[in-house]
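Good morning. I will take a few minutes to go through one structure, beginning with a term and then moving to some single residues.

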Amino acid sequence: MVKYFTFLFCCIVFTGIQAQKATFSGTITDSGGSPIIGANVTASPGNIGTITDVSGDYSFTLDPGMYTISASFIGYSTQMINVTLGTRETRIWNVSMADDAIRLEDVVLVGSRSAPRSNTTSPLPIDVLSAKDIMGTGQTTFDKALQYRIPSFNTVQTPVNDATSLLDPYEIRNMGPSRTLILINGKRKNMSSLVYVQTSPGRGETGADISAIPTDAIERVEILRDGASAQYGSDAIAGVMNVILKKKVNYGSATIRGGATSKGDGEMLGLSINQGLSVGEKGFVNYTIDFSKIDLANRPGKVDAAAEADDVLGFGAPLADVQAFLNKYPDAGNINGSPATASAKFLVNGGHKLNANSEIYYNAAYVYKKVNSFANYRTPYWRTLSDFPYLLDLFGDGKDPKSYKGYVPTFTGDLNDYNATVGYKTSMNGWQTDASLTTGGNEQTYNVSNTHNRSTDANGNFIYGALTPISFKPGGTSFKHIVGNIDISKPISDKISVAFGSEFRSENFEVIQGDEASYVGLGADSFQGNTPANSGKFNRYNVGAYLDLSFDVTKDFLINGTARHEEYSDFGGATVWKMSSRYKLFDDKFTLRASVSTGFRAPSLHQIYTEKSQSSFQPGGAIVITGIINNVSSAARANGVPALSPEKSNNITFGFGFKPTKDFNLTVDYYDIKVKDRIILGEKIDFAQTGDGGQAFFVNAMDSKTSGIDFVAGYKNVPLGSGSLGFNLAGNYTITNKRDGAIKNPASVAALPGNLSVLSATQEALLFTSRPKFKAILGLDYEIGKFGFSINNTLFGPTKFKNDGMDSNLRIEFLTKIVSDLGISFAASDKVTIALNVNNFLNVVPEWVFKAENAAGTTLINNAELIKRQSNLITFNNRYALTTYDGSHFSQLGTMFNGAVNVKF
């Protein structure tokens with residue numbers, strides 16, 4: 001009985017207290033009257049509030065008193081009102097929010113795990129791109145759009161494609177694709193299954209396939225340019241990219257895209273549909289369907305006949321035979337540039353509000369890509385009938401030797417990529433809880449055609465000969481992960497916020513076996529298959545936990561600290577931390593900010609278990625087959641190859657933000673990143689000293705140091721005639737990017753004669769100087785009436801290579817270039833918008849020159865015959881005249897025309 005009366009008394013008291021509260025509610029819409037889902041409505045003091053539901057409605061209760069109520073959402077101008085609420089009063093505030101360009105100070109980003117803060121109160125440097133920014137580039141994929149919007153972001157298509165053609169390597173701050181973490185709506189996206197093994201930027205690394213994300217599904221992109229391992233775990237040494245998906249409802253649009261290069265190739269056609277729908281009274285779903293097809297764009301050079309006939313540079317064939325073939329086919333039949341691609345992308349984002357304090361959310365995506373590219377053309381004086389007489393039957397008429405014109409192996413890659421997240425958010429007594437489960441995967445399988453297996457047995461007899469298949473399935477790779485997260489946060493007071501959470505992740509990597517003919521002996525000519533010994537399934541798991549504290553010492557002075565510990569099933573644990581701070585001056589117009597942190601990156605399963613044979617270009621024209629041995633194999637143990645250990649990093653960032661008016665902003669940030677025990681795919685080492693080319697392997701080969709400066713400036717709403725003009729200038733300058741200390745050769749390598757090393761000058765250049773020394777983007781936007789005009793100028797600074805086989809007294813340098821893009825849009829009606837982009841309208845292409853390292857190099861450059869020989873060495877006798885075999889710092893395709901028509905429904 002006592003318990004009953006106690007309970008009844010508590011209920012009466014609680015009801016009485018609740019009865020004293022005031023109710024504040026309303027609806028948030030955009031300028032067109034459509035509801036805005038997820039807008040923040042907050043009352044201060046007290047930091048009490050909620051978010052709008054699928055109808056744009058909100059409601060919450062407050063104690064009687066005076067408050068400042070604010071309504072905010074990314075891309076819209078924040079609205080505020082001062083109110084005094086009485087006991088049991090009901091107040092309605094309906095807000096129509098005007099569109100506004102996304103501003104840095106509006107963005108709530110992944111910088112801290114505690115209560116969200118806007119950029120003016122954040123101690124971290126970020127970039128933010130709206131959907132309009134991305135679509136305005138006219139680029140066909142998301143990664144290429146970032147190339148021309150974010151100075152510290154670099155990617156480019158490599159001239160030699162095969163598996164790399166499925167997704168191009170990218171990086172932030174010259175740190176490689178492995179050291180930038182990709183999130184979708186704040187949740188970790190799966191990595192690709194591909195590890196880059198060609199001699200090109202990104203070699204030995206793996207990244208997520210961001211080109212697979214349909215651009216029409218993106219609301220905005222947030223890029224944290226600072227180490228974030230303490231918040232998010234492995235892979236966040238260089239920073240974090242968070243892709244926020246659209247959640248707009250009662251809206252739909254279809255976009256038709258088309259285009260081509262100025263040479264008439266690389267034709268592109270695409271269709272994208274995006275639509276948002278209400279699901280019941282409290283739910284929404286926004287989906288995107290995207291289909292596209294891009295044809296081959298080819299930029300081969302004119303092949304040097306004398307070099308082709310040379311015993312060292314070429315094939316030692318009679319010059320007359322070479323010249324006769326090149327008279328008909330000056331490019332030797334080679335095809336290089338941009339491969340043909342077809343893709344289908346499907347994405348859905350949704351949520352359902354269960355009550356005023358809880359909601360479920362979900363998103364899922366599936367992408368299929370097919371890429372067709374080519375290996376180097378096997379000319380009839382390269383793969384000769386005297387060596388392989390059966391080729392007359394395979395690629396000729398079987399009778400007349402003149403009918404045999406050689407052959408070009410084709411490479412087809414099929415990529416399947418998926419990711420999905422389901423989560424639950426709730427708020428209770430000020431505690432914000434977010435629990436989620438994410439799954440994702442990437443599988444790539446390959447097909448090689450129009451080629452053969454040329455292997456012989458111990459007696460010199462062809463294993464297959466005329467019976468060889470001409471189409472092969474070399475296998476492929478697969479990567480999958482499952483990630484569980486729980487994140488809890490609460491503002492303990494007006495000054496202190498706390499957050500903590502945990503993550504569990506299971507990863508699975510598979511090397512898929514090829515068909516027998518693709519790997520027996522030398523395997524398929526151009527791309528060897530995965531052998532049974534090299535294939536298999538591999539797994540690991542890890543669990544991590546973090547604690548984050550944020551302390552507003554004063555209203556201007558903030559200190560934030562995070563600590564994290566992770567345990568991996570295959571290499572043990574790692575503990576990292578981060579401290580950051582900011583100080584605001586002059587009524588928030590000037591902000592000083594800084595951070596210092598430690599980080600780590602676990603060796604990927606790809607790096608631990610990849611083992612394969614591969615065809616590689618050897619200077620002088622030969623294509624040789626060499627191997628990669630993995631770090632846990634018997635071959636690795638026999639040769640003293642050590643097991644991989646995690647990379648560890650130290651990051652320092654400091655800078656300032658300046659915003660004297662609502663239309664002008666400037667940020668400048670310095671960064672310094674030191675990585676210890678950096679993992680590379682090393683040079684081939686001939687342990688047995690047999691002269692067979694040796695094997696490459698992954699190894700913690702060095703420490704590195706990278707430092708630079710990022711700046712971003714913007715000035716908008718400048719009146720010009722009847723329109724409005726906006727300027728933006730952003731840049732990145734690399735101060736230092738180099739190896740720090742001696743090369744860490746394994747003892748077994750150091751003991752070999754000949755001063756061998758796992759890190760060559762070629763590798764070092766790929767790691768540290770193959771990306772622009774500086775990069776700047778100057779954009780101008782002008783809107784007048786129904787028209788919008790934009791011009792974007794991207795300055796690519798110089799890059800330096802030490803190509804394999806080139807004389808050590810030389811290097812090559814790609815010259816500084818400016819690529820200019822023009823965009824025009826026209827709102828034909830409320831429903832129809834037409835856009836035209838002319839990318840690189842001045843038709844600028846990469847240009848490289850030889851540079852001398854010393855006096856001996858100068859002598860070489862001044863000798864026309866010798867320097868021509870060096871040029872042939874690194875361009876495969878001029879097949880890759882524009883970019884060399886290692887690639888360039890921007891696209892070689894020149895001017896591209898793209899048009900789009902968007903229809904709303």
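A nonpolar core, as I use the term, is a set of buried Ala, Val, Leu, Ile, Met, Phe, Trp, Tyr and Cys residues joined through side-chain atoms within 4.5 Å. Please keep in mind that this is a predicted model.

Which residues touch the most other members of the largest nonpolar core? That core has 23 residues, and the ones in question are F142, L146, F153, I210, V221, M241 and V243. At least two residues of this core come from each of α3, β11, β12, β14 and β15. In general, nonpolar side chains in soluble globular proteins tend to be buried together.

Take M241 as an example. Leaving out residues up to four places away in sequence, M241 touches F142, L146 and F153, then T180, L181, I182 and L183, and also V221, E222 and I223. There is another core apart from the largest one; it has 19 residues, including Y58, L85, W93 and M97.

Next, K578, which sits in strand β29. Is K578 buried or exposed? Its relative accessible area is 3%, so K578 is buried. What does the side chain of K578 reach at 2.8 Å? The backbone oxygen of G227. A polar contact of 3.0 Å also joins the side chain of K578 to that of D226. Along the chain, K578 and G227 are 351 residues apart, yet their C-alpha atoms are separated by 8.6 Å. Beyond its neighbours within four places in sequence, K578 has contacts that include L124, A230, Q231, N560 and S597.

T164 is in the loop between β10 and β11. T164 has 3% relative accessibility and therefore counts as buried. Not counting residues up to four places away in sequence, T164 touches T158, P169, L194, Y196 and Q198.

Most residues other than glycine have a negative phi. F586 is not a glycine, and its phi is positive, near 55°. N877 is not a glycine either, and its phi is positive at about 60°. Where are they? F586 is in the loop between β29 and β30, and N877 is in the loop between α14 and β45. On accessibility, F586 has a relative accessible area of 64%, so F586 is exposed. N877 is at 0% relative accessibility and therefore counts as buried.

That is the end of my part. Thank you.

Note on methods: Residues are numbered from 1 along each chain as its sequence is written. This is a predicted model: local features need pLDDT of at least 70, side-chain atom pairs count only at pLDDT 80 or more; totals for chains, interfaces and linings use all residues. Side-chain values use heavy atoms; hydrogens and water are left out. Helices (H or I, at least four residues) and strands (E, at least two) are DSSP runs, numbered from the N terminus. Buried means under 20% relative accessible area, exposed over 50%, partly exposed in between (1.4 Å probe, protein chains only). Contact means heavy atoms within 4.5 Å. A polar contact is a pair of N or O atoms within 3.5 Å; within protein, one must be able to donate a hydrogen and the other to accept it, and residues adjacent in sequence count only if both atoms are side-chain atoms.
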